[in-house]
Amino acid sequence: ATNDKLEFKSLQKQRDLVGNLYSSCLQVVLLDSRLRVKTATNRHLLQNIKTSVESYIHHGIYKKLIKGITACTACEDANFNKIVRNLSDLQLQDLEVRSDLYDTVPKAKAQLARIDCYCTVLGKISCLQRTLAAISKCDASSSSYGNVLSADDLLPMLVFLVIKSGLPNWIAHVTYMKLFNFSASLSHQIDQGSFLVTSLEAAIEHIKSGLLQGPSEPEGQLNLEGAESDSGGGPYEMYQGFGIPSIDRISTGSKTRSATLSNLFELARQGNAQEIEKLLTGSGSETDDEITLLNAVSTLKLCHPLCSCDKCERLLSQNLLDTTPTIHSCDDRGYTILHVASMYGRPKVVDVLISCGANPNSTDCSGSTPLHYAAARGHQNALLLLIHAGAKVDKADNEGNMPLHLSAGNGHEGCIKAILYYTEHVGVKLDINMKNRHGETALHNAARWGYRSIVEILLEYGASPSVENKRKLTPLDYAHSLHISRLLMSWAKRTIANLLVPKYENFKQDIIVAAASKPLLDFNDDSSVVSNGEAGIRPQTTDQIKQVERLLRAIAYGDVQLACFYLGLVLPDRGEILKILEKSHSCHPLCACKKVRDDCE
């Protein structure tokens with residue numbers, strides 16, 4: 001029998017209890033005299049028996065055990081999630097991953113992301129083995145091997161896959177595989193499983209070290225063709241200027257104003273507020289534009305100052321076309337200088353740009369304002385300047401995310417406090433339960449990634465723990481931490497007790513934790529979960545949700561062919577349908593009487 005309150009014990013206490021249970025079960029198995037005789041001479045059989053007993057125990061107590069492990073590692077997981085979430089734009093070339101491994105990422109990522117669906121150490125290690133096989137393009141059916149990997153090649157790939165997998169409790173899973181692998185006969189035994197677990201742990205420790213510095217923007221927005229420039233600078237030289245082609249500098253007499261948009265972006269990234277102010281305002285001179293124009297006209301070889309012949313008009317037109325970018329200039333993605341300054345957290349530059357008349361509510365191609373970038377990256381000073389300059393805190397991007405969603409998802413408590421404090425004291429209306437395109441609130445994001453302090457703040461400001469997203473999941477369903485689950489359940493019990501299901505009332509004995517609610521795949525060869533015939537299978541990923549939405553949209557529009565395509569059904573050929581109708585001798589083309597149905601069958 002297991003301990004009824006195992007999940008509330010310390011990690012070492014849990015390990016001792018499970019270890020005692022494992023020893024007891026192994027003793028019971030070895031009471032069989034035939035097994036004792038065979039295992040005395042066959043150590044491989046003994047190892048298999050140990051693994052079988054361990055898997056049997058893990059399968060029986062996993063849901064209770066994983067609650068306790070996630071509770072003990074909740075703080076570490078939350079800190080790790082904050083690092084990972086702020087490295088979400090990291091790309092393969094930033095980690096110097098071999099280019100021939102790029103195409104293996106989707107399959108390897110899908111395999112590694114399923115590690116939380118296995119309840120045994122053996123199952124999780126098997127998941128790591130399949131991930132390694134996907135990276136190396138190893139085909140077990142044909143015994144063919146693709147990529148040859150060294151440890152130095154595997155580590156950056158694992159780092160990238162851990163960052164992109166989207167799992168919120170990596171520390172808990174690694175702890176489970178390390179501390180509860182009782183079947184390992186020797187602590188120094190080295191096999192493929194222990195190597196993979198150690199490699200995964202090394203990748204996580206490398207991420208935790210803080211040495212990784214990701215790019216400022218997604219890969220699709222980088223200009224990689226000019227990566228090897230003549231400058232030969234540091235790692236950021238490859239996307240210096242944000243992938244914008246260089247523009248010839250504008251000369252104005254004796255002074256050259258190198259104020260192309262790419263240069264202004266680079267100055268904003270570096271935080272050079274003085275130079276930006278000089279380029280945009282001409283050191284504060286109101287007549288600078290007039291002086292610049294007069295200097296430009298004086299340098300042109302005109303017939304005379306008032307000449308309007310075709311040649312002089314052409315020279316004047318070319319000069320007017322070569323203008324310096326203004327405070328409102330943007331690139332092909334909609335980025336303004338204020339976007340870049342907010343992205344990199346340069347409050348002095350933000351202050352200068354606002355004083356020069358920059359629009360704090362300008363949006364880029366993704367619908368994001370400078371406030372979105374400051375909130376997503378945790379730049380509180382820049383965020384406060386933008387808010388006081390009139391930036392709308394309730395403005396949503398194309399995904400429906402407000403700055404509050406982004407700060408909550410990336411663990412920036414300071415930005416959360418700044419937004420909520422400002423709206424409360426200034427009187428700005430902010431719906432804290434505002435949903436994005438997936439129906440998720442800021443509380444969903446904070447609960448999923450384990451940010452307990454942010455969850456407490458949001459609850460105090462009126463966030464509802466019972467709001468459902470499009471998948472009918474509440475923040476409680478997303479909580480992977482026992483502490484957050486208890487907090488949400490106790491808050492719901494105190495504030496909206498009439499919405500609670502009766503089984504939630506005794507929350508000390510039945511606490512919902514997302515890590516213990518996953519469908520298990522240990523004894524299921526298929527990646528999909530078999531339905532019990534009473535309820536459908538809920539979509540588990542964003543891609544599945546979008547596919548269901550496309551299917552429903554096709555049904556609503558009456559597009560039979562498209563609906564059948566999404567369902568995987570094959571429609572009969574139109575000619576075959578006409579032949580059936582001809583043979584049916586129907587009363588009329590739309591007849592559906594019994595005779596016609598019999599003929600069709």
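A contact, as the term is used here, means heavy atoms within 4.5 Å. Among the contacts in this chain between residues at least 6 apart in sequence, 71% join residues at least 24 apart.

The model is predicted, so local features need pLDDT of at least 70 and side-chain atom pairs count only at pLDDT 80 or more, while totals for chains, interfaces and linings use all residues. Residues are numbered from 1 along each chain as its sequence is written, and side-chain values use heavy atoms, with hydrogens and water left out.

## The chain as a whole

The secondary structure comprises 27 helices and two strands. Helices (H or I, at least four residues) and strands (E, at least two) are DSSP runs, numbered from the N terminus. Of the 601 residues in the chain, 42% are buried. Buried stands for under 20% relative accessible area, exposed for over 50%, and partly exposed for values in between (1.4 Å probe, protein chains only). The accessible surface of the chain amounts to about 32700 Å², and carbon and sulfur atoms account for 52% of this surface. Accessible areas come from the Shrake-Rupley method with a 1.4 Å probe; for residues, only the protein chains shown count as cover.

## Cavities

A cavity is a set of points, on a 1 Å grid over the protein atoms alone, where a 1.4 Å probe fits but cannot get out; lining residues have an atom within 4 Å of a point. Grid points are joined across faces, edges and corners, and a volume is the space filled by probe spheres set on the points. By this rule there are four cavities of 30 Å³ or more.

The largest cavity holds about 70 Å³ of space. Its lining includes Thr70, Asp77, Asn81, Pro168, Arg448, Trp449 and His480. Helix 4 (74-85) and helix 20 (442-449) each contribute at least two lining residues to the largest cavity, and helix 4 gives the largest share, four residues.

The second largest cavity has a volume of about 50 Å³. Leu128, Thr131, Leu132, Ile135, Leu154, Leu158, Leu196 and Leu200 line this second cavity. Two or more of these residues come from each of helix 6 (121-136), helix 7 (151-165) and helix 9 (192-208). Helix 6 provides the largest share, four residues.

The table sets out the linings by class. Ala, Val, Leu, Ile, Met, Phe, Trp, Tyr, Cys and Pro count as nonpolar, Asp, Glu, Lys and Arg as charged, and the others, Gly among them, as polar.

| Cavity | Nonpolar | Polar | Charged |
|---|---|---|---|
| Second largest cavity | seven residues | one residue | no residues |

## Helix 15

In helix 15 (residues 347-355), the buried residues include Val349, Val350, Val352 and Leu353. Seen down the helix axis, the buried residues of helix 15 fall within an arc of 165°, so they line one face of the helix. This arc is that of the directions from the helix axis to the C-beta atoms. The face turned away from the buried side of helix 15 carries the exposed residues Lys348 and Ser355. The cover over the buried residues of helix 15 includes helix 10 (261-270), helix 11 (273-281), helix 14 (337-344) and helix 17 (380-388). Gly357, which follows helix 15, has a positive phi near 100°.

## Residues with positive phi outside glycine

Glu96 has a positive phi, near 60°, in a residue other than glycine. Glu96 lies in the loop between helix 4 and helix 5 (105-112) and is exposed, with a relative accessible area of 72%. Lys472, also not a glycine, has a positive phi of about 65°. Lys472 belongs to the loop between helix 21 (452-460) and helix 22 (475-478), and this lysine is exposed, with a relative accessible area of 51%.

## Two pairs of residues apart in sequence

Asn48 is located in helix 3 (residues 43-72) and is partly exposed, with a relative accessible area of 49%. The C-alpha atoms of Asn48 and Ser183 are separated by 8.6 Å, while the two residues are 135 residues apart along the chain.

Asp331 is found in the loop between helix 13 (310-321) and helix 14. This aspartate is buried, with a relative accessible area of 10%. Asp331 and Ser262 are 69 residues apart in sequence, and the distance from C-alpha to C-alpha is 8.8 Å.

Terms used
1 Å grid on protein atoms, 1.4 Å probe; cavity = no way out; pocket = protein on both sides within 12 Å on 5 of 7 lines; lining within 4 Å.
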